[in-house]
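Thank you for giving me a few minutes this morning.

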Amino acid sequence: MNVSHSGIGMTSQRTRMRMIERLRTQGIADEVVLSAMGAIPRHIFVEEALASRAYEDVALPINYGQTISSPWIVARMSELLRVNKNLEKVLEIGTGCGYQTAVLAKIAQKVYSIERIGPLLTRTRIRLQELQIRNIYLKHADGLLGLAEAGPFDGIIMTAVTTHVPVSLLEQIIVGGRMIFPKGTQKQNLCVIERNSQGYNETVLEEVNFVPLLGGVVKK
Ligand code: SAH
């Protein structure tokens with residue numbers, strides 16, 4: 001890794017460890033998630049001008065009107081996805097800058113991630129290659145279709161908000177697996193859908209704030 005990856009000052013390992021301590025005091029208890037986030041240089045995922053803010057507990061702009069989720073949200077969703085179990089295959093919908101993807105790559109054997117904005121995905125692909133994260137497969141497509149050919153997944157994470165998740169997507173989760181996503185319109189909440197042998201069980205959690213899930217793909 002080069003110097004910019006290791007970071008200095010507000011992007012240093014020490015700043016990153018302070019973020020981890022903050023997450024701990026905010027209630028994140030899964031050490032696997034905390035150690036994954038402690039190992040990934042978050043400042044690499046935002047524009048250089050914003051790098052000094054990368055470890056604050058805020059969402060930041062990442063171009064094309066999208067945002068990188070705050071450290072708290074990434075930790076919370078990862079913890080909810082893992083529920084202290086080893087994850088083999090996971091699907092992420094809404095790759096964005098790839099930070100959540102990189103965290104997932106440390107807590108799951110294999111990560112599939114779908115993004116609808118082509119140019120955003122191209123940059124993310126380069127960034128994840130530079131970080132030498134190899135257990136990731138990225139796809140430019142409409143994520144709501146899922147990726148049936150690679151499934152079924154232990155878990156699905158969606159990082160854009162919608163009111164409704166199609167059953168065809170939920171069917172790509174294994175029995176005993178789960179999907180974590182923001183649900184709503186004006187008011188949004190984190191939502192967990194668990195698949196069991198009888199069907200699906202939904203739990204609504206705390207209020208959150210995500211960009212909307214959109215249909216179709218953006219090529220340029
Ligand atoms: N986890 C990302 C979140 C980015 S914001 C990060 O921290 O960077 C949500 C992302 O979902 C955006 O990049 C947006 O383009 C993408 N998105 C929205 N609707 C989508 C869809 N139908 N399929 C795939 N990606 C979608």
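Which of the 25 residues around the ligand come nearest? They are Cys97, Glu115, Asp142, Gly143 and Leu214, where a residue is near a molecule or strand if one of its heavy atoms lies within 4 Å of it.

Before I go further, please keep in mind that this is a predicted model, in which local features need pLDDT of at least 70 and side-chain atom pairs count only at pLDDT 80 or more, while totals for chains, interfaces and linings use all residues. Residues are numbered from 1 along each chain as its sequence is written, and side-chain values use heavy atoms, with hydrogens and water left out.

Let me stay with the ligand. A polar contact is a pair of N or O atoms within 3.5 Å; within protein, one must be able to donate a hydrogen and the other to accept it, and residues adjacent in sequence count only if both atoms are side-chain atoms. A nitrogen atom of the ligand is 2.6 Å from a polar backbone atom of leucine 214, and a polar side-chain atom of aspartate 142 lies 2.9 Å from a nitrogen atom of the ligand. For arginine 116, a backbone N or O atom is found 3.4 Å from a ligand nitrogen. The ligand on its own has 570 Å² of accessible area, and the protein covers 99% of that; these areas come from the Shrake-Rupley method with a 1.4 Å probe, and for residues only the protein chains shown count as cover. Strand S2 (67–68) and strand S4 are the elements that give two or more residues to the shell around the ligand. When I say helix or strand, I mean DSSP runs numbered from the N terminus, with helices (H or I) of at least four residues and strands (E) of at least two.

Now to the aromatic rings. A pair of aromatic rings is described by the distance of the centres and the angle of the planes. Rings of Phe, Tyr and Trp (its six-membered ring) pair if their centres lie within 6.5 Å, and planes under 30 degrees apart count as stacked, over 60 as edge-to-face and the rest as tilted. A search of the whole structure finds three aromatic pairs. In one of them, tyrosine 112 and phenylalanine 153 have ring centres 5.7 Å apart and planes at 65°, so this pair is edge-to-face. Because tyrosine 112 lies in strand S4 (residues 108–115) and phenylalanine 153 in strand S6 (residues 153–158), the pair ties together parts that are 41 residues apart in sequence.

Are these two residues buried or exposed? Buried means under 20% relative accessible area, exposed over 50%, and partly exposed in between (1.4 Å probe, protein chains only). Tyrosine 112, at 13%, counts as buried, and phenylalanine 153, at 0%, counts as buried too. Together with Tyr137, Tyr112 and Phe153 form one aromatic cluster.

Strand S4 also holds isoleucine 114, which is buried with a relative accessible area of 2%. Next, threonine 95 sits in the loop between strand S3 (87–93) and helix H5 (99–107). Threonine 95 is buried at 4% relative accessibility, and its side chain makes a polar contact of 2.8 Å with the side chain of serine 113. Within helix H5 we find leucine 104, which is buried at 0% relative accessibility.

How many disulfides are there? A disulfide is a pair of cysteine sulfur atoms within 2.5 Å, and by this rule the count comes to zero. Cysteine 97 is buried at 4% relative accessibility, as is cysteine 191 at 1%.

Last, the backbone. Most residues other than glycine have a negative phi, and most peptide bonds are trans. Asparagine 63, however, is not a glycine and has a positive phi of about 80°, and tyrosine 64 has a positive phi near 55°. Asparagine 63 is in the loop between strand S1 (60–61) and S2, and tyrosine 64 is in the loop between S1 and S2. Asparagine 63 counts as partly exposed at 36% relative accessibility, and tyrosine 64 counts as partly exposed at 43%. Finally, a cis peptide bond, with omega about 0°, joins glycine 151 and proline 152, and proline 152 lies in the loop between strand S5 (136–140) and S6.
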